[in-house]
Amino acid sequence: MKIGFIGVGEMAQAIIKGLINANQFDPSDIYVHSTHQTTYEPFAKETGVVAVDSNIEVAKQTDIVVLAVIPNAAVVVLNEIKSQLADKTLISIIGSLSVTEIENVIGTSIPILRALPNINVEGNVGMTALADNDALIGDKKAVAVKTFEVLGEVSWQQESKFAIFSAIAGSGPAYVDFFIDALSRAGVKYGLTKKEATEIAAMTLQGSSHMVLNSKNQTPMDFVDAVCSPGGSTVAGLLAMEEAGFMNSVIKGIDATVNR
Ligand SMILES: NC(=O)C1=CN([C@@H]2O[C@H](COP(=O)(O)OP(=O)(O)OC[C@H]3O[C@@H](n4cnc5c(N)ncnc54)[C@H](OP(=O)(O)O)[C@@H]3O)[C@@H](O)[C@H]2O)C=CC1
Ligand SMILES: O=C(O)[C@@H]1CCC=N1
């Protein structure tokens, strides 16, 4: 089974590294191509995947074709490769393109999986939304879905929910990492080194995520209450964050993401 990536940017590279970590595909069964040889050749050298010299060659040589280009190039590339897609499975990670829009460009009904992964797939701790068409069945479906299951968690979603999923899970790592950086910068303000402050902040987020995910009946706000000792320092900090608009700034950020 061979898998090909058209577009070898941030997201494709993260997926490929996660697939290799998980031994889901041997590097020699992963084919890549993108616009600039200076992007895909060094990546192929570093990881052992196979660089080919056109998008059409990726589609010809592989069983599963992953469309991972910038949104503006997606339709052009689909038109370029559509004659090669019979008997293939197409996976699209294009944030803004629905399964129906893809089918309309291709013109025939081939198995399609729409996936919205996040960058954490590189460490096999990703969160990916999935949707498919009726043609994706049997072994082809099992293999396509497994491709994302080995990269972390998957969540089947109606396509109408992809925009909000993308804001929280797709863009989310940027917002969470921004928060980790803000916490660690505060640590630097009070004398910690950036390295130790970043590790302390990141471990704290990891611990809190673990507690929320493993709790039977406690909400995040229950944990907030548990940390806020009466008359203590946490409630003072929390109220100062709220005075600066913490919750509203998060919601406004997600509004802007969804509306884009
Ligand atoms: N980054 C993320 O966290 C997420 C991204 N996505 C989706 O993934 C897709 C890629 O995003 P991302 O990786 O961040 O973007 P990047 O800009 O990092 O990568 C885009 C890639 O597309 C390639 N490309 C552009 N035009 C063509 C073309 N005509 N033929 C072949 N390759 C082409 C570029 O080639 P070259 O490098 O050679 O110029 C580049 O490798 C987007 O559609 C985005 O919506 C979805 C979920 C999360
Ligand atoms: O910023 C973007 O458009 C993409 C979609 C989700 C994460 N990155």
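## Close-up views of a predicted model

N55 sits in helix α3, which runs over residues 55-61. Helices here are DSSP runs of H or I with at least four residues and strands are E runs of at least two, both numbered from the N terminus. This is a predicted model, in which local features need pLDDT of at least 70 and side-chain atom pairs count only at pLDDT 80 or more, while totals for chains, interfaces and linings use all residues. Residues are numbered from 1 along each chain as its sequence is written, chains are lettered from A, and ligands are numbered from 1 in the order in which they are written.

**View 1. N55 and its neighbours.** Is N55 buried or exposed? N55 is buried because 24 other C-beta atoms lie within 10 Å; the cut-offs are 20 or more for buried, 12 or fewer for exposed, and partly exposed in between, with C-beta atoms placed from the backbone. Leaving out residues up to four places away in sequence, N55 touches I6, H33, V77, E80 and I81. A contact means that two C-beta atoms, placed from the backbone, lie within 7 Å.

**View 2. Strands β1 and β2 side by side.** Two of the residues that N55 touches, I6 and H33, return in this view. Strand β1 (residues 3-6) runs parallel to β2, joined to it by 4 bridges; strands count as paired when DSSP finds at least two bridges between them. I6 has H33 as its bridge partner in β2. Look at both faces of β2 (residues 30-33): I30 and V32 are buried on one side, and Y31 and H33 are buried on the other.

**View 3. The shell around ligand 1.** Ligand 1 is surrounded by 27 residues, with G7, G9, S34, T39 and G95 the closest; a residue is near a molecule if its C-beta atom, placed from the backbone, lies within 6 Å of it. Which helix gives the most to this shell? That is α1, with 3 residues, and both α1 (10-21) and α4 (74-81) supply at least two. By class, the shell holds 16 nonpolar, 10 polar and 1 charged residues. Here Ala, Val, Leu, Ile, Met, Phe, Trp, Tyr, Cys and Pro count as nonpolar, Asp, Glu, Lys and Arg as charged, and the others, Gly among them, as polar.

**View 4. G95 and ligand 2.** G95 lies in the loop between β5 (89-92) and α5 (99-106). G95 is partly exposed, as 18 other C-beta atoms lie within 10 Å. G95 touches P71, L116, S166 and G170, not counting residues up to four places away in sequence.

**View 5. Helices α11 and α12.** An unreviewed UniProt entry annotates residues 159-260 as "domain: Pyrroline-5-carboxylate reductase dimerisation"; this stretch is 79% helix and 0% strand. How many of the 11 residues of α11 (residues 233-243) are buried? The count is 0, and it is also 0 among the 14 residues of α12. After α11 comes G245, with a positive phi near 90 degrees.

Key:
UniProt positions renumbered as here; feature names shortened; annotations may be inferred.
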